[in-house]
Amino acid sequence: MAECRFPFAKYPIVTLAHGAGGRFTQQLIDDIFSAALPHAQVRHDGALVELTDRSGTVVMSTDSYVVKPLFFPGGDIASLAVTGTCNDLAMCGAQPKALSCGWIIEEGFPTRKLYDLARSMAAAAVEVGADVVTGDTKVVEKQHGDGVYLNVTGIGMPRFASHPDRIRAGAAVLLSGDVGRHGCAILTQREDLQLQEPILSDCAHLWPQVQRLQPLAASVHCLRDLTRGGLATALAELSEASATAIVIDRERVPVSDAVASVCELFGLDPLYVANEGRMVVICEDGAEEMVRAAMGADAVCIGRVESGRGVVANSAFGGSQVLDRLSGEQLPRIC
Amino acid sequence: MKYLEEFRDPALARVVLQRIERELTGPRVLMEVCGGQTHSIIRHGIDQLLPQGIELIHGPGCPVCVTPIACIDEAVALAETPGMILATFADMLRVPGSDSDLLAARARGADVRSLYSPLDAVRLAQENPRSQVIFFAVGFETTAPANALSVLQAESAGLDNFSLLVSQVMVPPAIEAIATAADNRVQAFLAAGHVCTVMGYWQYEHLTARLGTPIVITGFEPLDLLLGIEAAVAQLEKGQARVDNQYARCVTRDGNREAQALMDQVFAASLQQWRGLGDLAASGLRLREGYARFDARRRFSPRPATTETRSDCRAGEVLTGRIKPDQCPHFGGRCTPDSPLGATMVSAEGACAAYYRYRPLAQAHHG
């Protein structure tokens, strides 16, 4: 990405004309998207994706992104959209290969920012070795969107099996790093909370870690990335899908001091705060050490799978908490 | 986090628990007044660690939970009036009124915002001069000073599109009502530390003298609570009744005099309806005459379509300690955080929500 001259200076904002499908639309695609994303230069209704793998199956996943603010410490909506969809593929044990992008742009959105987002999307795709092969833009009237909404669909090549059906009692529950960064990064930005050092979103690709697990594939039961509902919701989903119980020690879940402080301040439980670059790996008891080593230095074992139902977090104090799915949004307390 | 981690040390907790056990000679009934304390007690399992003889009754100190349904209905009615922006603290949004909550009103098109501070509502009024911004001012003495300050800021900014829908409550009248009820079982109160950070505890000295009941100013961390319980038990064992300040790292006898002066300048004590406790004299706040134009009730006379108490919800009995949340027949069945019958299941500080989240067995029995 050496090229950073902004090619669209004559139109400082996106207008409805840019969404009308005519000459202005073509200019928007040429000058912004083609400049950032090489495949956008291909003028066709779809893309041919060459798959080198002959296994006959691909993994496909889609997600839509509506984050506010669009730019946040540690990322933006475009990097988030690419990593989010690629992480969903990675959680199915698949290596991300090809992506599509659907942009819904609010009339009046600065074209300079749109270009920044397109470049950010390109960089995030390059980082994981995937191509953005096709895309679409729509422009909606002012106040009918929040700047930019994005949909990213991806296909990936399955490298190993990961499914909740594989989860068995006795398995170890590993977590790839500290939790709550993304939610707190967004929250502090939205509330304009001035911290000594800003909390950066954990927004990152999980495929590199998943790839390192490939040699241990037989011991890995299931992978699950942590997203909106945080660690607690991810565990609740896994427990439900696998008809097992998951028991964790609250104190073993890493939470940075900054995230812990922000959560105290706003009355939030870090176990329910959003993440965009963390995963849980459920693996066979005997393989725990090897899997943890492959996941990286920040990975920790936080608990076990047991027979039964539901998720329970034990505290060192002697209390235990049922980790249910988040009911609606997590609402900050009054006092 | 300094001053937090030290108060969550399990080893120190065991020491205090042993001291309580040694001191205790018979059954004792204590009430923790504040919902934040209830939450901490249940989350850390403190009630299960205490000696058998100590029963904790969960008090009415959750502002969301004691806000009367009629107030929620007023807020919904105002929010649904065209041209109005209703702003409030986030945990008010899901509290059920007679037939709607504020989140549902928002989904129907009402402009409902959740804010962290009433001062943000003043800014909202400045940014939206053609809308009326109403801040739903709910809370104990902890939120009252900032709400008072928002009125003063709106006044000095010359705003005529900012007002408060006030539903403020105060702790001492609630303690008095509980202690003097005919069927009261509470022998000592753990008063809410953060309320006393603002108000001090000089008011509580009068209260203790009148009631003959020990009051211990108590914090929110597990060790704070255990030290508060220890102090209450010690007084009861010696037959004493005074105010102990176990939250001295935050609370002084005088409290925050500036905050109290702000409250006093803008608000006057008034009759207030509490969910569960009924009407209590001088237990709420209303805007003084000089600030009447910032009173949403006076300016807009909200008229909710219907107001009726949900007869199925037994929050009133929970809030007065007559039943434990899991003794309610609807707990975990018809009433869950997803479909709450009452506010005590909505708020993070509500006793029912605390039991639901932290009591695996209780849920299994009812689920």
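**Helices, sheets and a chain contact in a predicted model**

In chain A, helix α2 crosses helix α3 in a right-handed sense, meaning that the near helix is turned clockwise from the far one by less than a right angle. Colleagues, this is a predicted model, in which local features need pLDDT of at least 70 and side-chain atom pairs count only at pLDDT 80 or more, while totals for chains, interfaces and linings use all residues. Residues are numbered from 1 along each chain as its sequence is written, chains are lettered from A and ligands numbered from 1 in the order in which they are written. Helices (H or I, at least four residues) and strands (E, at least two) are DSSP runs, numbered from the N terminus.

Let me stay with that helix pair. α2(A), residues 77–91, packs against α3(A) at about 30°, with the axes 7 Å apart; axes are fitted to C-alpha atoms, for helices over the stretch in contact, and angles run from 0 to 180 degrees between N-to-C directions. α2(A) is therefore roughly parallel to α3(A) (under 35 degrees; over 145 is roughly antiparallel, 65 to 115 roughly perpendicular, the rest oblique). On the α2(A) side, the contact (C-beta atoms, placed from the backbone, within 7 Å) includes Ile77(A), Val82(A) and Cys86(A); on the α3(A) side, Leu117(A), Met121(A) and Val128(A) are among the residues involved. By class, this contact has 11 nonpolar, three polar and no charged residues (Ala, Val, Leu, Ile, Met, Phe, Trp, Tyr, Cys and Pro are nonpolar, Asp, Glu, Lys and Arg charged, the others, Gly among them, polar).

How does α3(A) relate to the strands β4(A) and β5(A)? Helix α3(A), residues 111–128, forms a right-handed β-α-β unit with them: with the strands pointing away from the viewer, the path from the first strand over the helix to the second runs clockwise. β4(A), residues 94–106, pairs in parallel with β5(A), residues 131–140, over nine bridges, pairing requiring at least two DSSP bridges. Ser100(A) has Thr134(A) as its bridge partner in β5(A).

Elsewhere in chain A, β11(A), residues 300–306, pairs in the antiparallel sense with β7(A), residues 172–175, over four bridges. Leu174(A) is partnered there by Cys301(A). β11(A) is also joined by four bridges to β9(A), residues 245–249, again antiparallel. Ile248(A) stands opposite Gly303(A).

I turn to chain B. Which order do the six strands of its open sheet follow? The order is β4-β3-β5-β6-β11-β10, with mixed pairing. β4(B) and β10(B) stand at the edges, each with a single partner strand, so one side of each has no neighbour in the sheet. On average, neighbouring strands are turned by 25° against each other, direction ignored. Helix α5(B), residues 69–79, packs on this sheet and touches β3, β4, β5 and β6 of chain B. Helix α7(B), residues 118–127, touches these strands of chain B too, and its direction makes about 175° with that of β5(B).

Finally, the two chains meet: 23 residues of chain A are in contact with 32 residues of chain B. On the chain A side, α7, β12 and β13 each supply at least two residues. The largest share, four residues, comes from α7(A). That side comprises nine nonpolar, 10 polar and four charged residues.
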